[in-house]
Amino acid sequence: MLDAAQRAEAADLLWAARRDRTPVSPLTDGYPGIDVVDAYEIQLTNIRRQVAQGATVRGHKVGLSSEAMQQMMGVDEPDYGHLLSDMELSEDVPVPAADYCFPRVEVEAGFVLGAALPGEGCTPADVLAATEYVVPAIELIDSRIKDWRIALPDTVADNASSAGLVLGAARVRPADLDLTDVPAVLRRGGREVARGNTRAVLGDPTNAVAWLARKVAAFGVRLEAGQVVLPGSCTRAIDVRPGDVFQAEFGGLGSVSVTFQ
């Protein structure tokens, strides 16, 4: 575990890396004693900085929600990060790829809450009852750590590698969708580059949202009405290049696109 000065120093490193788009070496190299508790505190330090500069919390994202990713990281539960207002991107406005260090896109079925979720004891049934609609989404992830050489504390400290989100126009009530079986295809320039299914997200992405509500409750945080939750990707992440045009299509949920320049 790190002391307060080390946590502050690590937060400063990530803050500068994001600001200057100059990635840094893994925190797990420079601070071999860092643990996940340290990492969440580092994440919160920089979230508070962004909020102090005018950003607002739009929701949260769940990472490491597939069994394969958890095995790769050597963990037995997901992690999470914050989604801020300055991360919101539009389908209609090209995104400058140069604004990021190592950008990648992921395909997700996003949840928009119509009511606040309970914290401790939150169940998938609570999530379905509180969700106003499900929306097709593309998450833009990025790592302020050089070459994505991340261990779990690195990605947690780096806001779970969050960078942006694009929501499609479709709005579907959860009762009108089998969230355990929504197929998804990601195309780049019209060519398929990834395919998956929402069942890859803890068997049902609703499980990931319930886990998140329980997890953040331990930090005194509640998932509120109007917030967006990205429960985890149902496809592998795809690297972004300038000029790329991505479109994600979901069975029964519509589509969402993003263009990079």
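Predicted model: local features only at pLDDT ≥ 70, side-chain atom pairs only at ≥ 80, totals over all residues.
In soluble globular proteins, nonpolar side chains tend to be buried together. Here the largest nonpolar core holds 65 residues, and those that touch the most other members are Val105, Leu117, Leu186, Phe246, Phe250 and Phe260. Helix α7, which runs over residues 205-217, gives the most to this core, with seven residues. Another core, of twelve residues, lies apart from the largest one, and among its members are Ala55, Met87, Val135 and Ala137.

**Val105 and Ile238**

When residues up to four places away in sequence are not counted, Val105 touches Ile138, Glu139, Leu140, Leu186, Arg236, Ala237, Ile238, Val240, Phe246 and Phe260. One of these partners, Ile238, has its place in strand β10, residues 238-239. With neighbours up to four places away again left out, Ile238 touches Pro103, Arg104, Val105, Leu186, Arg188, Val193, Ala194 and Phe246. Ile238 lies 192 residues from Asn46 in sequence, and the C-alpha atoms of the two are 26 Å apart in space.

**The second largest pocket**

Rolling a probe the size of a water molecule over the atoms shows where empty space is left. The second largest pocket contains about 400 Å³ of space, and of the 22 residues that line it, Arg18, Gln50, Arg144, Ser162 and Ala163 lie nearest its centre. Helix α1 (4-20), helix α3 (36-52) and strand β6 (162-167) each supply at least two residues of this lining, whose residues divide into nine nonpolar, five polar and eight charged.

Gln50, one of the residues nearest the centre of this pocket, is found in helix α3. Leaving aside neighbours within four places in sequence, Gln50 is in contact with Trp15, Arg18, Ala55, Leu84 and Asp86; Arg18 is likewise among the residues nearest the pocket centre, while Ala55 belongs to the core of twelve residues.

A disulfide is a covalent bond between the sulfur atoms of two cysteines.

Conventions: Residues numbered from 1 in each chain as written. Heavy atoms only, no water. Core = buried A, V, L, I, M, F, W, Y, C linked by side-chain atoms within 4.5 Å. Buried < 20%, exposed > 50% of the residue type's maximum accessible area, 1.4 Å probe, protein only. Helix = DSSP H or I, 4+ residues; strand = E, 2+ residues; numbered from the N terminus. Contact = heavy atoms within 4.5 Å. 1 Å grid on protein atoms, 1.4 Å probe; cavity = no way out; pocket = protein on both sides within 12 Å on 5 of 7 lines; lining within 4 Å. Points joined across faces, edges and corners; volume = space filled by probe spheres on them. Nonpolar A, V, L, I, M, F, W, Y, C, P; charged D, E, K, R; others polar.
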